[in-house]
Amino acid sequence: MPSASSSSETSTGLDSARVVLFCGTDEFLAGKAAREYVDKRCPPEEAAFGLEVVEGACDSGEAAAGAVRRCLDGLRTVGFFGTGKVVWLRDISFFRSGDAAKGDEIKGALKELVEEVDAGLPEGVCLVLSAGEVDGRSAVVKAVKEKGVIREFNIPDKGYKVDGYAREFVAERLKEAGLRGQGEVAGLIVERAGPDSRLLAQEVDKLRVYVGTRDTVTAADVAAIVSPGRERAAWDLADAFMNRNLVEALGVARSLQFMGVHGVALVINLQYRIRELLVLKICLEKGWLRLGGSPGWAKAEWSVRGEEAEEFLGAMSPDPRKANPFASGRKAEAAKGFKVATLQRCEALAVTTHEQMLSGAAPADLLLERMLILMLGGARKR
């Protein structure tokens, strides 16, 4: 699982802290960590008397102030039979900007909470806070940092690191579910479903049920059961083109348009894929690229020498040599089945279809299907 960063941790450590804040841009992991921590501090069999949960998801300042005051009441009430007590204010929405964070009432309630934390909680009482992204300058966050522990779960800021973070998350979830991924399965799941941790966790749970008694997840399993994200789903059309499967391509196109994806977006996405295949095909023919890896899991291996190769590849943005080697290998393997002239014809056809869609020459769905038939109508189905 992607690791959490700890902004502050007292000398006594997380297990004995009186105040703990779980937060970060990865709200799913922050909430999951908070749930696990609460269960550890107050096991389910003791929850009836030792746990008080207050919902912090509020859409107004008045509701937020009420949640904070219920939390304060819980902190000030001794547990039954003198046992320890955990108060969990969860899914907090008013630690960042928005209507729930505005108004004198919520500001006054948060001031009381800060004073309570600063004064020190009663013996045996633990306050757990869970939220999404928080403002480190807020008085509450500063008080927790001073008196307790903050655990942050943040998605990388740089876009190119997000997929790696998501793949690591999926690999860990597969391991927790007792599953092994065949080849680059974790990457395929992320490619299909997107990088959102909550959705990825749901897809792994679906795979666990789908594979039954098997402990290995294959690429076919991912294609069969993992739901494509709306943006990622457009890649299915490009994959159908790579497989030269007209029936599959028409079915995917109709499904995506039913989902509300405009034909222009699909043509542009397909045009990018055709260009990728064309570049990879040229590189294969010139010997700048060869395929390694195992059957079905081709890996792109670059051996670029000479001024011509550097001039051709160096001028591209992004540089194909910097792409994931397995993703590039899969595309290069498909590119071998096309002729350069065929790919050039398909690219020109995509450009023409795009122009026709923008001019309103005919309905976008008809133009898209016509384009696919002209591209793949004579192709052999694999």
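Leaving aside its neighbours within four places in sequence, which residues is Leu372 in contact with? The partners are Leu237, Leu246, Ala249, Leu250, Ala253, Leu270 and Gly377, where contact means heavy atoms within 4.5 Å.

## About the model

This is a predicted model, in which local features need pLDDT of at least 70 and side-chain atom pairs count only at pLDDT 80 or more, while totals for chains, interfaces and linings use all residues. Residues are numbered from 1 along each chain as its sequence is written, and side-chain values use heavy atoms, with hydrogens and water left out.

Let's start with the largest nonpolar core, which has 46 residues. A nonpolar core here is a set of buried Ala, Val, Leu, Ile, Met, Phe, Trp, Tyr and Cys residues joined through side-chain atoms within 4.5 Å; buried means under 20% relative accessible area, exposed over 50%, and partly exposed in between (1.4 Å probe, protein chains only). The members that touch the most others are Leu237, Phe241, Leu270, Leu368, Met371, Leu372 and Met375. Two or more residues come from each of α10 (230-242), α11 (246-258), α12 (263-286), α13 (307-314), α14 (325-335), α15 (340-359) and α16 (364-376). Helices are DSSP runs (H or I, at least four residues), numbered from the N terminus. The most come from α12, which gives 11 residues.

There is also a second, separate core of 40 residues, and Ala34, Val128, Val149 and Phe169 are included in it.

## Where α12 meets α14

Helices α12 and α14 pack at an angle of about 75°, and their axes are 9 Å apart. The axes are lines fitted to C-alpha atoms over the stretch in contact, with angles from 0 to 180 degrees between N-to-C directions. That angle makes α12 roughly perpendicular to α14, a label that covers 65 to 115 degrees. On the α12 side, Arg273, Glu276, Leu277, Leu280, Lys281 and Leu284 meet Ser328, Lys331, Ala332 and Ala335 of α14. By class, this contact has 5 nonpolar, 1 polar and 4 charged residues.

At the start of α14, a side-chain oxygen of Asn324 comes to within 2.8 Å of the backbone nitrogen of Phe326. Further along, the buried residues of α14 are Ser328, Gly329, Lys331, Ala332, Ala334 and Ala335.

## Two residues to look at

Not counting residues up to four places away in sequence, Ser328 touches Leu280, Ala300, Pro320 and Ala323.

Glu310, in helix α13, has a relative accessible area of 40%, so Glu310 is partly exposed. With residues up to four places away in sequence not counted, Glu310 touches Val304, Ala315 and Arg321.

Technical notes. A polar contact is a pair of N or O atoms within 3.5 Å; within protein, one must be able to donate a hydrogen and the other to accept it, and residues adjacent in sequence count only if both atoms are side-chain atoms. Angles under 35 degrees count as roughly parallel, over 145 as roughly antiparallel, 65 to 115 as roughly perpendicular and the rest as oblique. Ala, Val, Leu, Ile, Met, Phe, Trp, Tyr, Cys and Pro count as nonpolar, Asp, Glu, Lys and Arg as charged, and the others, Gly among them, as polar.
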